[in-house]
Amino acid sequence: MDSAVLRIRDGRGEPVGVGFLVSDTLALTCAHVVSAALGTPHDVAPGPSARIQVDLPLVQDGAEAAGTAASVEQWVPPRPYGSGSSGAADVAVLRLDAALPGAGPVRLVEAQDLWEHRVRAFGLPAGRPGGVWHSGVLRARQANGWVQADLVGDGYPVSRGFSGTPVWDETLVGVVGMVAVAESGRPPVSYLIPTSGLLAAWSELRAVALPPSPFRGLSAFQESDAAVFHGRQAESDELAALLASEQRVTVVGPSGSGKSSLAMAGVVPRLRTAGALAVVVRPASGSSPLSALAAALLPLLEPGLSETQRLARIPDLAAVLRRPGGLADLVSQLLDRCDSRRLLVVVDQCEELLDLPQAVVDELAGVLFADSLPRAVRVLATLRSDFLDAVLAHPSLGPILGRRIQAIGPLEAERLREIVTAPVDAIPGVRYEPHLADRILAETGTEPGALPLLGLTLDLLWQRQTGGLLTHQAYEQLGGVAGALSAYADRVWGDYVPAAEEQSARRLFTRLMRMPLGSAAVTRRMVLRSELGVDEWQIAQRLAATRLLVASRSAEGVETVELAHEALITGWPRLAEWAVEERSFLEWRESLRHDMERWERGGRAPELLPTAAALADAQRWLRDRASGLTDAERDYLHRGRTYHRSRTRRRRALFSGVALVAVLALLFGTLFTYVRHQSQERAAQANSRALTQLSQYEEATDPVRSAMLAMAAYQTSPTQEARNQLLRRYLALSTATRDLSGLLGNIAQFQTSRDGNVVLARSVFGRAMLFVHDTTGAVHSEALPTSALMAVMVAPDGRRAAYVREDGTAGWFDVNTNSAQPMGPVHQLPGAGQLVEYSDDPQRGFAMSPDGRIMAAVEGEDLVWWDLNRGTTGGSAAKPADISGKMWIAPDNRTL
């Protein structure tokens with residue numbers, strides 16, 4: 001407390017009272033002390049130019065105290081003598097011109113029950129220039145709201161010169177009030193204005209002087225939050241010990257299980273204490289993951305750079321990292337410069353790598369995930385469990401990240417209790433109402449994804465404390481753990497999004513969501529400012545102040561925005577409803593972005609522009625969702641349309657077939673709909689409904705996963721929704737022999753072998769996939785390595801398949817029915833270049849013999865057949881003038 005006590009002098013330099021700092025430049029004292037220092041009547045407010053001299057009497061060790069001037073920020077006059085009224089009175093807030101050297105603020109404690117608390121206070125009575133200390137014991141509040149304090153033993157009583165001094169509570173370890181009045185005579189009784197009265201005098205004081213929230217809402221705990229991070233100590237110790245022997249560890253867990261907090265607030269502080277340096281890399285935070293790594297390392301390598309210099313140096317450092325041995329050279333310099341033993345690189349939210357071009361992922365993999373990684377470097381990656389299969393299947397990431405996986409699951413009840421109670425127990429003067437902590441824990445449950453909802457609820461509850469008490473009433477007003485997120489988000493929406501801007505706000509949130517290819521869940525996405533319109537960016541800036549969105553900058557200094565947590569997508573009904581409604585658009589937009597990245601990597605080759613079918617499918621989205629695309633995406637589609645128009649002039653006949661395919665694709669696309677669901681999460685029932693909703697999401701794209709999710713929903717809690725969904729899945733699948741999935745987009749055509757064990761399916765996007773049911777009962781699938789297909793066929797015996805592309809060329813391959821890779825080498829049909837597609841039936845102009853040896857097709861005005869065993873043209877004949885209906889080869893394999 002010594003560094004916070006201020007001596008307040010009058011115009012002659014004589015002390016007239018005491019004050020105390022509540023921040024570096026804000027101080028409290030009594031209003032009558034300010035009047036005494038200025039020489040004005042006690043009932044006259046100070047003028048705006050009033051200045052008061054203050055210094056630190058207890059910091060200078062006997063030397064002349066260095067002081068500064070202060071202005072009067074707030075002044076509440078004293079009550080008239082003998083008044084029994086309550087409310088804020090005799091309080092002044094001072095603003096210092098400059099922070100005093102050696103000064104430090106005290107912490108205010110707001111408490112209701114202070115009876116028998118031992119306290120101390122410092123005063124400057126007449127004849128005591130060095131000051132004296134008073135020791136007292138508190139009683140209860142008086143009718144006017146002040147608290148009585150009695151003298152302890154034969155100590156120094158409170159007298160003139162103590163006014164405005166802070167009262168330090170030895171039990172609560174903080175300041176519980178300010179001395180205002182003392183009685184003369186016996187007994188030596190004084191009165192203090194409690195903290196609640198000080199806060200009532202100036203509304204802005206609460207945010208400055210009270211303890212900050214130990215909870216982080218929807219945000220992840222950072223390294224600086226290690227002191228208030230609870231519940232994962234065992235995992236933190238285990239991972240820190242594991243990284244002592246392992247170079248790479250991947251932490252895998254469901255969304256909302258606290259992976260990022262565990263890495264940054266649990267593991268990083270432990271390794272830093274052991275002598276390691278640490279940097280955190282977010283793959284999507286830069287123009288490339290390697291640039292993000294360079295931006296994280298640069299402050300350690302070259303501290304003191306200005307922002308302009310830093311941005312200019314990032315590309316140079318990224319170029320060094322690309323060189324063979326570049327990281328090893330930098331790490332050697334870094335460890336020598338910082339006198340450290342190791343470097344820990346935390347790759348947070350590793351699933352973001354799946355959304356990036358293969359080339360930039362390979363760059364990062366070559367630096368952090370290669371066998372040449374320096375021995376002094378440790379890599380800790382965090383990964384959502386629903387992306388684990390995709391990462392393990394990735395050619396660059398899977399072999400390394402899969403070596404050492406550390407899975408984290410839901411927290412046990414005792415560790416959840418630690419998260420709820422330990423931060424509050426550590427702060428004197430703040431506590432839960434009886435049984436409130438138990439109530440919060442009971443409604444939280446132990447299911448994955450509960451931590452973000454719990455963190456937000458506790459943070460909002462902290463802000464609503466009354467006199468240091470976290471109450472049942474405030475908890476109920478928030479809506480409990482299950483309803484706090486929804487209620488808070490709806491309140492923010494109503495306060496910050498006018499009705500006239502709701503459409504712009506919805507476009508903003510749609511941009512902030514994505515549907516990764518191969519994933520069943522909608523996830524958040526970091527968006528650059530350049531992708532947003534002016535109105536969308538203004539809304540994003542307003543919402544960033546509410547903790548629904550997070551505004552930041554990329555590694556290159558570009559402003560970005562993203563959802564605060566993916567829990568918003570499932571826990572806020574408004575956003576969850578949009579995610580369902582926009583699911584088709586999000587899937588299409590994700591496919592468009594992958595195609596555009598492939599076009600960019602291919603040097604913008606014209607043949608990699610959108611196909612006619614893709615452009616036709618894009619047309620409906622351009623009509624309804626053009627504003628949801630970036631300028632680059634719209635330009636990519638425009639280039640595709642321009643390219644196909646130029647092809648029309650050269651090959652009108654071929655273009656007519658492509659146009660028909662595009663029309664069919666558009667027709668099929670308009671039939672693709674989804675069921676909207678609204679989820680209200682409430683403890684176990686909320687988790688069951690969320691699983692039921694996810695099962696319903698999967699019905700159209702992955703029926704098998706949908707059925708498993710329905711069973712999981714029913715086992716979690718047998719709600720009516722879960723029971724109905726399980727029955728629907730049973731009825732839908734009970735008549736099927738097997739269910740096949742995995743091809744992106746709606747099915748345009750498929751053919752099967754006679755026994756049904758070989759299936760070749762083609763999507764409206766012109767891609768195809770082969771499915772084989774082998775003799776062991778397993779189903780193998782493989783995508784055809786070509787696109788822009790207009791027809792596929794399978795021999796009746798299932799041993800051979802063929803396809804025809806939109807450009808009139810064709811190919812075939814053998815089918816290996818008992819192989820994990822069922823598709824044999826692809827052979828091109830010799831001389832095929834003008835195969836004709838019939839507008840009413842794409843399969844009509846092609847045929848394959850039952851033994852798969854002969855393939856026939858209409859080519860121009862001729863009938864042509866090929867001997868696939870020899871790989872040669874078997875012969876041709878003029879196309880009959882009255883040809884109609886389908887064409888097929890008889891069972892003798894010779895008659896067409």
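Where is the place of T165 in the chain?

1. T165. The place of T165 is the loop between β9 (147-151) and β10 (166-169). Helices (H or I, at least four residues) and strands (E, at least two) are DSSP runs numbered from the N terminus. T165 is buried, at a relative accessible area of 0%. Buried means under 20% relative accessible area, exposed over 50%, and partly exposed in between (1.4 Å probe, protein chains only). Setting aside residues up to four places away in sequence, T165 touches V18, F20, A121, F122, G177, M178 and V179. Contact here means heavy atoms within 4.5 Å.

2. Basis of the model. This is a predicted model, in which local features need pLDDT of at least 70 and side-chain atom pairs count only at pLDDT 80 or more, while totals for chains, interfaces and linings use all residues. Residues are numbered from 1 along each chain as its sequence is written, and side-chain values use heavy atoms, with hydrogens and water left out.

3. The chain as a whole. The secondary structure comes to 27 helices and 36 strands. Along its principal axes, the C-alpha trace spans about 125 × 60 × 50 Å. The chain has 896 residues, and 53% of them count as buried. Take the contacts between residues at least 6 apart in sequence: 64% of these join residues at least 24 apart. The chain exposes about 39,000 Å², with carbon and sulfur atoms supplying 52% of it. Accessible areas come from the Shrake-Rupley method with a 1.4 Å probe; for residues, only the protein chains shown count as cover.

4. Cavities. Searching the whole structure turns up four cavities of 30 Å³ or more. A cavity is a set of points, on a 1 Å grid over the protein atoms alone, where a 1.4 Å probe fits but cannot get out; lining residues have an atom within 4 Å of a point. Grid points are joined across faces, edges and corners, and a volume is the space filled by probe spheres set on the points. The largest cavity holds about 80 Å³ of space. It is lined by 14 residues, and P410, L411, T446, E447 and L451 are the closest to its centre. By class, that lining has six nonpolar, six polar and two charged residues. Nonpolar covers Ala, Val, Leu, Ile, Met, Phe, Trp, Tyr, Cys and Pro; charged covers Asp, Glu, Lys and Arg; the others, Gly among them, are polar.

5. Cysteines. How many disulfides does a search of the whole structure find? The search finds zero. The test is a pair of cysteine sulfur atoms within 2.5 Å. C30 is buried, with a relative accessible area of 0%. C338 is partly exposed, at 26%.

6. Positive phi. Most residues other than glycine have a negative phi. D339 has a positive value, near 55°. D339 is in the loop between α8 (326-338) and β15 (342-347), and is exposed, with a relative accessible area of 72%. N893 also has a positive phi, near 65°. N893 is found in the segment after β36 (872-878). N893 counts as buried, at 18% relative accessibility.

7. G875. This glycine is found in strand β36. G875 counts as buried because its relative accessibility is 19%. Leaving aside neighbours within four places in sequence, G875 is in contact with L863, V864 and W865. A856 is 19 residues from G875 along the chain, and their C-alpha atoms are separated by 9.6 Å.

Technical notes
On a 1 Å grid over the protein atoms alone, a cavity is a set of points where a 1.4 Å probe fits but cannot get out, and a pocket is an open set with protein on both sides within 12 Å along at least five of seven lines; lining residues have an atom within 4 Å of a point.
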